[in-house]
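Have the sequence and the model side by side, and let's take a quick tour. We'll look at charged pairs to start with, then at a sheet and a helix beside it.

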Amino acid sequence: MSSSLRRRRIVRTAVGLAAVLVLSVAGAGAWFYHRLDSNITTFDAGGVATERPPAPVPVTPGASVPVNVLVLGSDTRDDGNADLGGGEEGVGHSDTAILLHIYADHKHAVGVSIPRDALVTIPSCRLPSGNWTTPRTNQMFNSAFTVGEFPKGNPACTQNTVETLTGLRIDHTIVVDFKGVAAMTEAVNGVDVCVPNDVNSHNIHLRKGMQKLSGQPAVDYLRARYGIGDNSDIGRMKRQQAFLSSMIRKVQGLGFSLPTLLPLADAATRSLTVDEGLGTAMKLVDFAQSLQQIKLSDITFVTTPWRYSGDRVALVHPDVDTLWKLLREDRTLDGQSTGLVPGPSPTTTPGGPESGPATPPGPLAPEQAAAPVTVVNGVGTPGLAGKGAEAVRARGFQNVALGPTNGGRLQTEIAYDPALKAAADQLAPLFPGARLTEEAGTEGITVTLGRDYLPALSTGLDAVGAPAPGPTGGGTGAPTAGATPPAPSGVPTGIAENARGADTDPCANLTFG
């Protein structure tokens, strides 16, 4: 293949991070790769959690698998960003977070925006001292980036938080700051955006309608919350999705002119902080080349189903659980499978040989029914422990209590004193996939619910334990998280109301909030 054809194919790549895409045109020699390498900053993998969701397994050896990329926009004022963002220098928050799920066929992608104000569980994260924090529930999502107050933020903690929230394994994490956004928009000579109304607020002066932005005005447009649209962070995320779509479209239209593309590649790498797996220009190029078949029309953006909870945002269950489940199974938003990743088998117990028996061994004996059982919420989703306790009581156990929430657990665990093994065996079928752990000296039996138990949330509880709301944050028409994946005939309501195609009219639905 000629070098010009190779560059043309790569430029046609469409995926949710334009900065990564343009690196795949690099054919300008070792000197340029070396320059890009010196631009790139990586974060320490030592802060990534040791207990993580499993990596996807291909149907056949060598087949493609899904890739999950976490893209974070940092509002740090450190390292010269104060001139663009205003305010004092210091560690920033991840005010923009998009989880990009690239399907196993590498022809489709979904970018999931996670609201900065969403209340989530922040799991154990590493501090500069090397110590690890205690998991905390009901925290703003963007505060994970500030844990430890690292000068450039804590991308590993945010990655841990997203893995805990979604049950998806994050393959790569990329952070872009204000300077990066300004430099990349200038390198492509501006990005076409739609402004929903005239804006004259907070040093932002924009006309209603389509216009081209670059540099400082582009940063202001992406950051603006008040005085534009509906003044909400949700509305701001909609504009960011439309902006990113327009950026991808602009990169596609650049052709293969090296004088145009090389400055963009240079600007992109100078703006990035990445995981060690993307820590060189060659690694970034290899990754970009794997995405060549994705078209703009095959990218969908979706905001997590949400509703307001006071001044914060609550994620709506079961809609958001359905979204994560679809992506874990590599299904499209309407439930279709790529067929390249094996789905869960109804005859296989997910927990493996350590899991409990498939069916209850029989009625409870009196001493088993009297065994003290403590149910612990190991995820952080309010209402989860109560749901598990109801199942335990329904089985016939009479001495059931709730323990303190301890978020961050992926797999459910049943810990028991050896003398209570028979009672623990009776509990195991209630929690398929649970790991049974014999612990001498344990007082009674402790069931710590993990993310694998979330399908039990089948009653439509939202993030604060109340009935899920109507259309404001995503509706109630979605199937439950534990139900059969939705039929190809439609997307669950709570997901559909928060989705937009990357090729959608850039002026469409920009004031929703």
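In this predicted model, the side chains of Arg52 and Glu163 meet in a salt bridge, with N and O 2.6 Å apart. Arg52 sits in the loop between strand 1 (41–42) and strand 2 (67–74), while Glu163 belongs to helix 5 (residues 155–166), so the pair ties together parts that are 111 residues apart in sequence. Side chains of opposite charge can pair when their charged atoms come close.

**Arg52 and Glu163: how accessible?**
- Arg52 is partly exposed, since its relative accessible area is 21%.
- Glu163 counts as buried, because its relative accessibility is 2% and the cut-off for buried is under 20%.

- How many salt bridges does the count come to? The count comes to eight salt bridges.
- Lys421 and Asp425 form one of them, with 2.9 Å from N to O.
- Both of these residues sit in helix 14 (residues 421–427), and they are four residues apart, so about one helical turn separates Lys421 from Asp425.
- Lys421 is partly exposed, at a relative accessible area of 37%.
- Asp425 has 19% relative accessibility, so this residue counts as buried under the 20% cut-off.

- Glu329 pairs up with Lys325 in a salt bridge, and their closest N and O atoms are 3.0 Å apart.
- Are Glu329 and Lys325 buried or exposed? Glu329 is buried, and so is Lys325.

- Now find the open sheet, where five strands line up in the order 17-16-20-18-19 with mixed pairing.
- Strand 17 (399–402) and strand 19 (435–438) are at the edges and have a single partner strand each, so one side of each is left without a neighbour in the sheet.
- From one strand to the next, the twist averages 20°.
- Strand 18 (residues 413–416) and strand 19 run parallel, joined by four bridges.
- Which residue in strand 19 is the bridge partner of Ala415? Ala415 has Thr437 as its bridge partner there.

**A helix across the sheet**
- Helix 13 (residues 384–395) lies across strand 16 (372–377), strand 17 and strand 20 (445–449).
- Against strand 16, helix 13 runs at about 150°.

Conventions
Residues are numbered from 1 along each chain as its sequence is written. This is a predicted model: local features need pLDDT of at least 70, side-chain atom pairs count only at pLDDT 80 or more; totals for chains, interfaces and linings use all residues. Side-chain values use heavy atoms; hydrogens and water are left out. A salt bridge is a side-chain nitrogen of Lys or Arg within 4 Å of a carboxyl oxygen of Asp or Glu. Helices (H or I, at least four residues) and strands (E, at least two) are DSSP runs, numbered from the N terminus. Buried means under 20% relative accessible area, exposed over 50%, partly exposed in between (1.4 Å probe, protein chains only). Two strands pair if DSSP finds at least two bridges between them. Axes are lines fitted to C-alpha atoms, for helices over the stretch in contact, and angles run from 0 to 180 degrees between N-to-C directions. Contact means heavy atoms within 4.5 Å.
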